[in-house]
Structure formats: structure tokens, C-alpha cells
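The exercises below are to be worked with the sequence and the model open side by side. Each task is followed by a solution in steps.

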Amino acid sequence: MGNEVDQRVHAGEHMYGTGAPYWREDGSCSYCGSMSPAEALRRMRLPGAHFSGTDKIGYKAYLEAPDRTDRGASKFYFRHLRELSDVEFREFAARARKVLGWSFERDGGEQVCWAPKTTSFYGWQTYGVIGPDGEPVHDKDAPKPMRDEWWAAQARK
Ligand SMILES: [Zn+2]
């Protein structure tokens, strides 16, 4: 069976008799509706793709295809990062910092996601579109992601 979702992703969650999660034909997880991490990474580089973070806590992001007509998933749940190898995880994390402004780390078996502190009720989030060169163009009214130097300074505290 090549289309089963990695068991670590939804381990411990109630399955309500739905059986093991699998990838639907439209590319979404049968349990949570998320797209795959590979697709999420692809869309964070895809010219014309729309991205936005979510409110309050880091658990998902919206990554919409350029024409916004895709029938499959337009959201990515961060718990699906559990299926990535350490190398893949670091690649995703580096990209997510630039695009979403969130930082992802693995701390032992746990996955941590953090964002800059903010006074916004909705928490730190940004949004925009991937430009023709594959780099994110954040909306003019959206917060701009912190640079690598800023993140490095946080790690030393
Ligand atoms: Zn899922």
C-alpha cells in the first residue's frame, strides 16, 4: 500500500473507526484533510501560490494553488511534518521561516513551532503570494518574517 499516511502523524488520535489514514486521490489526508509536506514545500516555491498563516497558535497554514481552483487540500497541518526525515524537516523549516515567518525545530521527539512575540490578538501571522522568481512577496500590510540573524539570536538566549 503506497498511499498510507505515515503512522506517526496521527498516532494517539481517535480514529472513530475510520481505519488507518491514507492519501486521497486529490492529495489530501483522509483523516485531517491536510496536503502532504512535499506538496506544502512545493507550494512555498510555486510562483503565484497564495500563503497565509493561521491565528493564535502554529498548527496549520493555508497554501493555495495559483488559480485557487484546486479541489484538493489548500491547508497544511504541521503535525504532518512528523513524517519527514531530519534532512527533509530542516529543508521545510528553512523555507517556512522565509515564507510563513514561523520557525520549526525538533526537540527530541517533540516538534516545536514558534513565532515572534506580538501584541496582536490573532498571534503572529503573515500572508502573501509567491513571486515569479519563486520567492515570497508578503502583502504590504502583512508583518515581514524575521531574518536568520534574528532567529539565531533567539536561540542563544
Ligand atoms: Zn492528516
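**Exercise 1.** Which strand gives the largest share of the lining of the largest pocket, and how many residues come from it?

*Solution.* The model is predicted, so local features need pLDDT of at least 70 and side-chain atom pairs count only at pLDDT 80 or more, while totals for chains, interfaces and linings use all residues. Residues are numbered from 1 along each chain as its sequence is written, and side-chain values use heavy atoms, with hydrogens and water left out.

Step 1. The largest pocket has a volume of about 230 Å³.

Step 2. Lining residues have an atom within 4 Å of a point of the pocket, which is an open set on a 1 Å grid, where a 1.4 Å probe fits, with protein on both sides within 12 Å along at least five of seven lines. The volume is the space filled by probe spheres set on the points, which are joined across faces, edges and corners.

Step 3. The lining has 13 residues, and G58, F78, R79, R82 and Q111 are the closest to the pocket centre.

Step 4. Strand 5 (residues 110-114) gives the largest share, four residues; strands (E, at least two residues) and helices (H or I, at least four) are DSSP runs numbered from the N terminus.

**Exercise 2.** Identify the protein donors of the zinc ion and assign their geometry.

*Solution.* Step 1. Donors are N, O and S atoms within 2.8 Å of the metal (3.2 Å for Na, K and Ca). H10 (NE2), C29 (SG), C32 (SG) and H80 (NE2) lie 2.0 to 2.3 Å from the zinc ion.

Step 1. Their spacing in sequence is H-x18-C-x2-C-x47-H.

Step 2. Four donors count as tetrahedral if all angles lie between 85 and 135 degrees. The angles here are 101 to 118°, so the arrangement is tetrahedral.

Step 3. Both cysteines, C29 and C32, are buried (under 20% relative accessible area; exposed is over 50%, partly exposed in between, with a 1.4 Å probe and protein chains only).

Terms used. Tetrahedral: all angles 85-135°; square planar, octahedral: opposite > 155°, others 65-115°.
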